[in-house]
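Subject: A structure for you to explore

Hello,

Here is the structure I promised to pass on. Please open it and keep it beside you while you read my notes.

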Amino acid sequence: MDSVAAQVIAEVRELGDAERAAGIARYLQARPGGYGEGDEFVGVAVPQLRVLARRWRGIDRDAVGELLSSSIHEIRFLALLLMAQECARAGDADARAWVGDYRRAVDDGYVNNWDLVDTSAAPVLGHWCVRIGDHTALVDLAADERLWHRRVGIVGTHAHLREGDAGPTLAVAPLVIHDRRDLIQKALGWMLREMGKRVERSTLTDYLDEHAASMGRTALRYAIEHLDPATRARYRALR
């Protein structure tokens, strides 16, 4: 094992707490039949992992690759924080390499829970798509029926929303609108809500005027969360 990766892993394990690990496992459904089934936890809180990420700023790709292939959830979470951190400061060639590593990690099943997706999809892949002016990778992932691939494709568009661009979100929405899985519903509704906040309220309401009647209840509930009560009631009545 890479010596740097081994040192990082030792630091994560030292912060572990068995009682917290059990709680995190329940929260992320690491039970038989849950979406996190089979994952392992040592019980390190996210703020602690963020401190470690800042401490290991400048870590190399090989070490992050070792961390990302760990069976321990928190170590993979830290690896994704590190990857996002390094992507943000990398030149084009290095950023492209980091993004390639990320795509392989998604394909290999290491980005396999909603917290892992949500901490990495936009700052790694979405940010890269903004940088190169091409969101095809996000559309391709949203078109993939595998749960975590699809969620990466949806949540990755948040990077564009932060730039005031609703195009990628509107491009992935028709690919996932009829997917009634809870974690897809929530991701779609979340991005639509962000579209209304970060781009234009009218962009959201125009979308809802056309599609609210065919949306799942969860996606609609998330999407209309910040609208006024009368407007929320009008859209709910369309279901």
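D101 counts as buried, at 17% relative accessibility; buried means under 20% relative accessible area, exposed over 50%, and partly exposed in between (1.4 Å probe, protein chains only). Before going on, please note that this is a predicted model, in which local features need pLDDT of at least 70 and side-chain atom pairs count only at pLDDT 80 or more, while totals for chains, interfaces and linings use all residues. Residues are numbered from 1 along each chain as its sequence is written, and side-chain values use heavy atoms, with hydrogens and water left out.

Which residue does D101 form a salt bridge with? The partner is R104, and the closest N and O atoms are 2.5 Å apart. A salt bridge here is a side-chain nitrogen of Lys or Arg within 4 Å of a carboxyl oxygen of Asp or Glu. Side chains of opposite charge can pair when their charged atoms come close. D101 and R104 are separated by about one helical turn, because they are three residues apart in helix α6 (residues 92-107). Helices (H or I, at least four residues) and strands (E, at least two) are DSSP runs, numbered from the N terminus. R104 is partly exposed, with a relative accessible area of 46%.

The structure holds 16 salt bridges. One of them joins D144 and R146, with 2.7 Å between the closest N and O atoms. D144 is buried at 18% relative accessibility, whereas R146 is partly exposed at 45%.

Another links R198 to E194, again with the closest N and O atoms 2.7 Å apart. These two residues sit four places apart in helix α13 (residues 182-198), so about one helical turn separates them. Is E194 buried or exposed? E194 is buried, with a relative accessible area of 5%, while R198 is partly exposed at 37%. Salt bridges that share partners also join R61, D101 and R104 into one network.

**A buried serine**

Next, look at S120, in the loop between α7 (114-118) and α8 (121-132). S120 is buried, with a relative accessible area of 0%. Leaving out residues up to four places away in sequence, S120 touches L80, Y102, V111 and L125, where contact means heavy atoms within 4.5 Å. The side chains of S120 and Y102 are joined by a polar contact of 2.8 Å. A polar contact is a pair of N or O atoms within 3.5 Å; within protein, one must be able to donate a hydrogen and the other to accept it, and residues adjacent in sequence count only if both atoms are side-chain atoms.

Six residues of domain 1 are in contact with seven residues of domain 2.

The area buried between the domains is about 590 Å², with 66% from carbon and sulfur atoms. Buried area is the accessible area (1.4 Å probe) that two parts lose on being put together, summed over both. In domain 1, Y35, R103 and V106 lose the most area to domain 2, together 66% of what that side buries. How many salt bridges are there between domain 1 and domain 2? The count is zero, and one residue pair is in polar contact (both at pLDDT 80 or more).

Enjoy exploring!
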